[in-house]
Amino acid sequence: LVVLRGPLPPRVEARFYKVVGLGVVAALEVGIAAFVLRAEDALQLPFGKLLYGDLSPVASGTRFGIAFILTTLGYGICLTILATAWALDLPALRWPAFLLAIALAWGYSLSSHQATEPNASLLGEVADWVHLVAAMLWVGGVLTLAVVVWPLAPHMRRAAFLRFSRIAIGLVGVLVVAGTVVAIERLPELDDLWDTSYGRI
């Protein structure tokens with residue numbers, strides 16, 4: 001939408017939709033796996049029993065569970081919008097899917113350490129969300145250029161890489177600033193960098 005402006009060749013368009021669709025499915029699957037692992041930790045059940053256990057108290061009774069449900073449903077809607085855009089050849093529908101995906105990243109921030117720790121603040125949540133969105137856009141852009149543009153559109157490479165480079169510089173800057181805000185809030189003392197598992201990681 002931002003880097004590859006205008007109509008794309010059919011092969012490029014088809015691969016773009018496949019890559020983006022796989023990305024949405026991966027977000028759904030990783031989200032489900034993370035929910036199950038966090039529920040296992042909260043309920044203190046062995047994994048075998050967890051598969052047949054009742055996860056509804058975690059899903060509907062915790063901030064993490066509610067954020068998970070809304071994020072999962074939202075990414076399902078995002079996938080539906082993308083499939084509709086591809087099937088009906090309506091590229092304008094990519095914008096609502098793109099904006100929805102960015103907004104849905106807030107669900108991960110709402111259920112992260114940044115939102116649930118005792119010293120959590122709204123600033124930390126927003127910084128966590130901005131950090132995550134900047135990383136998503138940077139990694140997603142690099143992946144799209146490598147998998148879609150480079151092999152299928154050699155005539156678009158130069159313009160696409162130059163446009164993305166300008167955006168990427170800003171994204172990396174935002175990533176560093178937002179990450180610093182998150183780190184300062186999560187690790188208020190300097191020795192937290194080596195005394196806490198979060199700091200060491």
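Colleague: Before we start, what is a salt bridge?

Modeller: A salt bridge is a side-chain nitrogen of Lys or Arg within 4 Å of a carboxyl oxygen of Asp or Glu. Side chains of opposite charge can pair when their charged atoms come close. Please keep in mind that this is a predicted model.

Colleague: How many salt bridges does a search of the whole structure find?

Modeller: The search of the whole structure finds one salt bridge. E13 forms this bridge with R94, and their closest N and O atoms are 2.3 Å apart. The pair links distant parts of the chain, for E13 is in helix 1 and R94 is in helix 5, 81 residues apart.

Colleague: Are E13 and R94 buried or exposed?

Modeller: Both E13 and R94 are buried. Buried means under 20% relative accessible area. R94 has a relative accessible area of 10%, and therefore counts as buried.

Colleague: What else does R94 touch?

Modeller: Leaving aside residues up to four places away in sequence, R94 touches L1, L8, E13, F16 and Y17.

Colleague: Let us stay with helix 5. Which of its residues are buried?

Modeller: Besides R94, the buried residues of helix 5 are A97, A101, I102, L104, A105, G107 and S109.

Colleague: And how far apart are the end C-alpha atoms of helix 5?

Modeller: They are 25 Å apart. Helix 5 runs over residues 94–110, which is 17 residues, and at 1.5 Å a residue it should span 24 Å, so the two values agree.

Colleague: What about helix 8: what span should it have?

Modeller: Helix 8 has 30 residues and should span 44 Å at 1.5 Å a residue. Its end C-alpha atoms are 40 Å apart, which agrees. The buried residues of helix 8 include A160, F164, A168 and L171, as well as E185 and R186.

Colleague: Now the whole chain. How many helices and strands does it have?

Modeller: The chain has 10 helices and zero strands. Its C-alpha atoms fill a box of roughly 55 × 45 × 25 Å, taken along the principal axes. Of the contacts with a separation of 6 or more, 64% are between residues 24 or more positions apart.

Colleague: What share of the residues is buried?

Modeller: Of the 201 residues of the chain, 34% count as buried.

Colleague: Which residues touch the most other members of the largest nonpolar core?

Modeller: They are L4, V12, Y75 and A160, in a core of 26 residues. Helix 1 (10–43), helix 4 (63–87), helix 5, helix 7 (122–152) and helix 8 (157–186) each supply at least two residues of this core. Helix 1 gives the most, with six residues.

Colleague: What does A160 touch?

Modeller: Not counting residues up to four places away in sequence, A160 touches V3, L4, L145 and V149.

Colleague: Lastly, what is the accessible surface of the chain?

Modeller: The accessible surface comes to about 11,800 Å², and 72% of it belongs to carbon and sulfur atoms.

Note on methods:
Residues are numbered from 1 along each chain as its sequence is written. This is a predicted model: local features need pLDDT of at least 70, side-chain atom pairs count only at pLDDT 80 or more; totals for chains, interfaces and linings use all residues. Side-chain values use heavy atoms; hydrogens and water are left out. Helices (H or I, at least four residues) and strands (E, at least two) are DSSP runs, numbered from the N terminus. The expected span of a helix is 1.5 Å times one less than its number of residues. Buried means under 20% relative accessible area, exposed over 50%, partly exposed in between (1.4 Å probe, protein chains only). Contact means heavy atoms within 4.5 Å. Accessible areas come from the Shrake-Rupley method with a 1.4 Å probe; for residues, only the protein chains shown count as cover. A nonpolar core is a set of buried Ala, Val, Leu, Ile, Met, Phe, Trp, Tyr and Cys residues joined through side-chain atoms within 4.5 Å.
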